[in-house]
Amino acid sequence: MATPEAAPPPVRSSARVRWRIVGLVAAVFVALAGVRFITGQPMLTNIGTIQTTLAFAVPIGLAGLGGLWAERSGIINIGLEGMMILGTWCSAYFAWSLDSPWAGLVAGVVGGMLGGLLHAVATVTFAVDHIVSGVAINILALGAMRYLSILSYNDVPGAGAAQSPPLPSFPRVGLPFVADLLAPVRATKWFVVSDLASLIAGLTTGMSIVTLLAILLVPTTYWVLFRTTFGLRLRSCGENPDAAESLGVPVYTYKYIAVTVSGGFAGLGGVFLAMVASSIYQEGQTGGRGYIGLAAMIFGNWRPGGLAMGASLFGYTDALQVRGGGAAVHALLLLIAAALVAVAVWQWRRGARRTAIVAAVGAVVLLAWYLLTDTLPGELVTYSPHIATLLVLALAAQRLRAPAAIGRQWRKS
């Protein structure tokens, strides 16, 4: 008598995953509103913080999207930082010389794509180690843009070897009347209600067209990579290139496309830094955001939605320390303590008693720190975004799964 086959393990539907993400985002927002209500720190959820969060999160998110495209095809792109540098310089030079922000937008994206193409030639065609190629591009971009700045700006009034002249700006879009309509609601300081009004007003007032484009690129990337045949083939190159080749997928071509598009995303992040976040190109403007974008991508488990959450986390903590200072970041201690209590309860119910005890002790320490102090040292506040990123990556590391063939120096059989 034949034994019945074991039932396959349940598969989580993408709709359920999406609803979980939505629920998590909503829970975090409600928790922030609660901390704002308890501590009386309006900087936690006001319009200025929301808009500054976007300004800090967009270049990180664009770099992360670039890393997502490359790594889903199996290519590690450490060179995102250099490609962002190419985007900042090219956008500034062409926007200034042609007096057109749109020329700068195109030039910045093309500059980043050229950096991606160089990385693809090295890693795909010549099988150079991905890390070595990426680091080389970062060094090359930094030196080359310094040299071109000396040639281009040394004799220009208001410019120099490390910066460009003032640049034309992009138009801004939004619904300015929304902020006026919601002003009475925001003034009430009601729990969640006034915070939601601030969020809506912050997202509908004075948004740069590049910011809107960057936001739209997140769902577009999800649709292309996870809902089209092209995306399936590209992802197969990062999971099992041998199997993809046996099915007739031109693996080299897809890797070239992915890494070149990756550079274009990083270049667009450079455009944002030079022409939206500021109105001038400056040497060192990227400030390591290419590497932070990779961290956001890893936090997001190589998916666009999670990547956007990671970029928003870093952007929010950075915006908070810039606008609110030590007092606003100090209020987050209460939020982290509450989160650790929730983790302790969850781990205890799962039977992980040691982890639960560690989380509970951490919650007690943070709560005591919050109650016994009024602010945080300036040095700690400055590095709070980096600390938050490291903590989240450490907590999320157990659930991450990179593409199986990532970093592999694959050769056609």
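Me: Which is Asp-195, buried or exposed?

Reply: This is a predicted model, in which local features need pLDDT of at least 70 and side-chain atom pairs count only at pLDDT 80 or more, while totals for chains, interfaces and linings use all residues. Numbering starts from 1 along each chain as its sequence is written, and side-chain values use heavy atoms, with hydrogens and water left out. Buried means under 20% relative accessible area, exposed over 50% and partly exposed in between, with a 1.4 Å probe and protein chains only. The relative accessibility of Asp-195 is 1%, so the residue counts as buried.

Me: Which helix holds Asp-195, and what does Asp-195 touch?

Reply: Helices here are DSSP runs of H or I with at least four residues, numbered from the N terminus, and Asp-195 lies in helix 7. Contact means heavy atoms within 4.5 Å. Not counting residues up to four places away in sequence, the partners of Asp-195 are Phe-29, Ala-33, Arg-36, Thr-45 and Trp-190.

Me: How is helix 6 oriented relative to helix 7?

Reply: Axes are lines fitted to C-alpha atoms over the stretch in contact, and angles run from 0 to 180 degrees between N-to-C directions. Angles under 35 degrees count as roughly parallel, over 145 as roughly antiparallel, 65 to 115 as roughly perpendicular and the rest as oblique. The axes of helix 6 (residues 176-188) and helix 7 (residues 193-203) come within 8 Å and cross at roughly 155°. That is why helix 6 and helix 7 are roughly antiparallel.

Me: Which residues meet where helix 6 contacts helix 7, and how many are nonpolar, polar and charged?

Reply: From helix 6 come Val-178, Ala-179, Leu-182, Val-185, Arg-186 and Thr-188, and from helix 7 come Val-193, Ser-194, Ala-197, Ser-198, Ile-200 and Ala-201. By class, the contact of helix 6 with helix 7 has 8 nonpolar, 3 polar and 1 charged residues. Here Ala, Val, Leu, Ile, Met, Phe, Trp, Tyr, Cys and Pro count as nonpolar, Asp, Glu, Lys and Arg as charged, and the others, Gly among them, as polar.

Me: What is the orientation of helix 12 and helix 13 to each other?

Reply: Helix 12 (residues 289-299) and helix 13 (residues 304-323) have their axes 7 Å apart and pack at an angle of about 130°. Helix 12 and helix 13 are therefore oblique.

Me: Which residues of helix 13 take part in the contact with helix 12?

Reply: With helix 12 and helix 13 oblique to each other, helix 12 brings Ile-292, Ala-296, Met-297 and Phe-299 to the contact. Helix 13 brings Gly-306, Leu-307, Met-309, Gly-310, Ala-311 and Phe-314.

Me: What kind of aromatic pair do Trp-69 and Phe-230 make?

Reply: Rings of Phe, Tyr and Trp (its six-membered ring) pair if their centres lie within 6.5 Å; planes under 30 degrees apart count as stacked, over 60 as edge-to-face and the rest as tilted. By this rule there are 12 aromatic pairs. The ring centres of Trp-69 and Phe-230 are 6.4 Å apart and their planes are at 45°, so the pair is tilted.

Me: How many residues apart in sequence are the parts that this pair ties together?

Reply: Trp-69 lies in helix 2 (residues 47-72) and Phe-230 in helix 9 (residues 229-239). The pair therefore ties together parts whose separation in sequence is 161 residues.

Me: What about Tyr-222 and Phe-226: what kind of pair are they?

Reply: These two are 4 residues apart in helix 8 (residues 209-227), a separation of about one helical turn. The centres of the Tyr-222 and Phe-226 rings are 5.5 Å apart and their planes are at 20°, so the pair is stacked.

Me: What is His-119 in contact with?

Reply: His-119 lies in helix 4 (residues 101-125) and is buried, at 0% relative accessibility. Leaving aside neighbours within four places in sequence, the contacts of His-119 are Ile-75, Ile-76, Asn-77, Met-83, His-130, Ser-133, Gly-134, Ile-137 and Val-259.

Me: How far apart in space are Thr-375 and Ala-331?

Reply: Thr-375 sits in the loop between helix 15 (353-372) and helix 16 (378-382) and is partly exposed, at 43% relative accessibility. Thr-375 touches Gly-326, Ala-327 and His-330, not counting residues up to four places away in sequence. Thr-375 and Ala-331 are 44 residues apart in sequence, and their C-alpha to C-alpha distance is 8.3 Å.
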